[in-house]
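Me: Could you pick one part of this model and take me through it up close, residue by residue where it matters? I'd like the surroundings sketched in as well, in one connected answer.

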Amino acid sequence: MKTNQPAPGPGAAGAGPPDLAALLGRVARGDQDAFAQVYEQLSGPVYGLALRIVRDPAQAEEIAQDVLVELWRKASHYRPDRGSATSWALTVAHRRAVDRIRSSQADRDRQERTATPGPEYDEVAEEVGIRLEHQQVRRCMGGLTETQRESITLAYYGGYTYREVAELLGVGLAAVKTRMRDGLIRLRDCLGVQP
């Protein structure tokens, strides 16, 4: 004889009318009404579990929808001897939610790797460029007269003023300025620098 006692909780034997295991059997045969009842019973718990894991209502809704669609498509995979229908559905939901977290983390990691700026320049290319420039400057310096080369070397590489260069070379200040001006013009032309 039946009494009006509350139905046992989810996962308990005889989980209350309608029985989810029986409903999933009907869903496996394409019964849409049975699926509507499965949806009614499982959508809340599936959503709640997904929300606890992903902590984002929109993602939890997507996961719940995916899980319920999977229950519709794979209802025939349910085996009552392995556990309750609710446990099976929540296991599917748990896996989906964990997969979503992992996927989101992988996306963030990938974005961080691509967003992290690399070096502002290629060190090898920079070094090669510097060496080529040095070679070109040495070649162009070789095309100057001895007095022009001496004056420019003392002023630019030695750090001497025009007056100090004049004293070191024992010539007048005007002569040093003329030599340097002529030498720098020749260097500019040799290096292809625009005035």
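Reply: One term before we start: contact means heavy atoms within 4.5 Å. With that cut-off, and leaving aside neighbours within four places in sequence, V38 is in contact with L20, L23, L24, V27 and S43. Keep in mind that this is a predicted model.

The largest nonpolar core has 25 residues, and V38, L42 and V67 are the ones with the most contacts inside it. Four helices each supply at least two of its residues: α1 (20-28), α2, α3 and α4 (85-115). Of these, α2 gives the most, with eight residues.

Now to the packing of α2 on α3. Helix α2 spans residues 32-54 and helix α3 spans residues 57-73; their axes are 8 Å apart, at an angle of about 145 degrees. The crossing of α2 past α3 is right-handed. On the α2 side, the residues that meet α3 are Q32, F35, Y39, L42, S43, V46, Y47, A50, L51 and V54. Facing them from α3 are P57, Q59, A60, E61, I63, A64, V67, L68, L71 and W72. Sorted by class, that contact comes out as 16 nonpolar, three polar and one charged residues. Notice that L42 and V67 turn up in this contact, and they are also named among the core residues with the most contacts.

V46 sits in helix α2, and it counts as buried because its relative accessible area is 0%, where the cut-off is under 20%. What does V46 touch, not counting residues up to four places away in sequence? The partners are A64, V67, A89, L90 and A93.

R55 is found in the loop between α2 and α3, and its phi is near 60 degrees, a positive value in a residue other than glycine. R55 is exposed, with a relative accessible area of 70%. K74 lies in the loop between α3 and α4 and is partly exposed, at 31% relative accessible area. K74 and A28 are 46 residues apart along the chain, yet 7.1 Å separates their C-alpha atoms.

There is a second, separate core as well: it has 10 residues, and C140, I152, A155 and V165 are included. Over in this stretch of the sequence, L154 has its place in helix α6 and is partly exposed, with a relative accessible area of 23%. Leaving aside neighbours within four places in sequence, L154 is in contact with G159, Y160, V165, L168 and L169, and V165 is one of the residues in that second core. L154 and L169 are 15 residues apart in sequence and 9.6 Å apart C-alpha to C-alpha.

Helix α6, residues 146-157, holds Q148 too. Is Q148 buried or exposed? Buried, with a relative accessible area of 8%. The side chains of Q148 and R186 are joined by a polar contact of 3.4 Å. Not counting residues up to four places away in sequence, Q148 touches R179, D182, G183 and R186.

Zooming back out, the protein chain has eight helices and zero strands. Buried residues make up 23% of its 195 residues. Among contacts with a separation of 6 or more, 54% are accounted for by residues 24 or more positions apart.

Key: Residues numbered from 1 in each chain as written. Predicted model: local features only at pLDDT ≥ 70, side-chain atom pairs only at ≥ 80, totals over all residues. Heavy atoms only, no water. Axes fitted to C-alpha atoms, helices over the stretch in contact; angles between N-to-C directions. Left-handed = near helix turned anticlockwise from the far one by under 90°. Nonpolar A, V, L, I, M, F, W, Y, C, P; charged D, E, K, R; others polar. Buried < 20%, exposed > 50% of the residue type's maximum accessible area, 1.4 Å probe, protein only. Polar contact = N/O pair within 3.5 Å; in protein donor to acceptor, adjacent residues only side chain to side chain. Core = buried A, V, L, I, M, F, W, Y, C linked by side-chain atoms within 4.5 Å.
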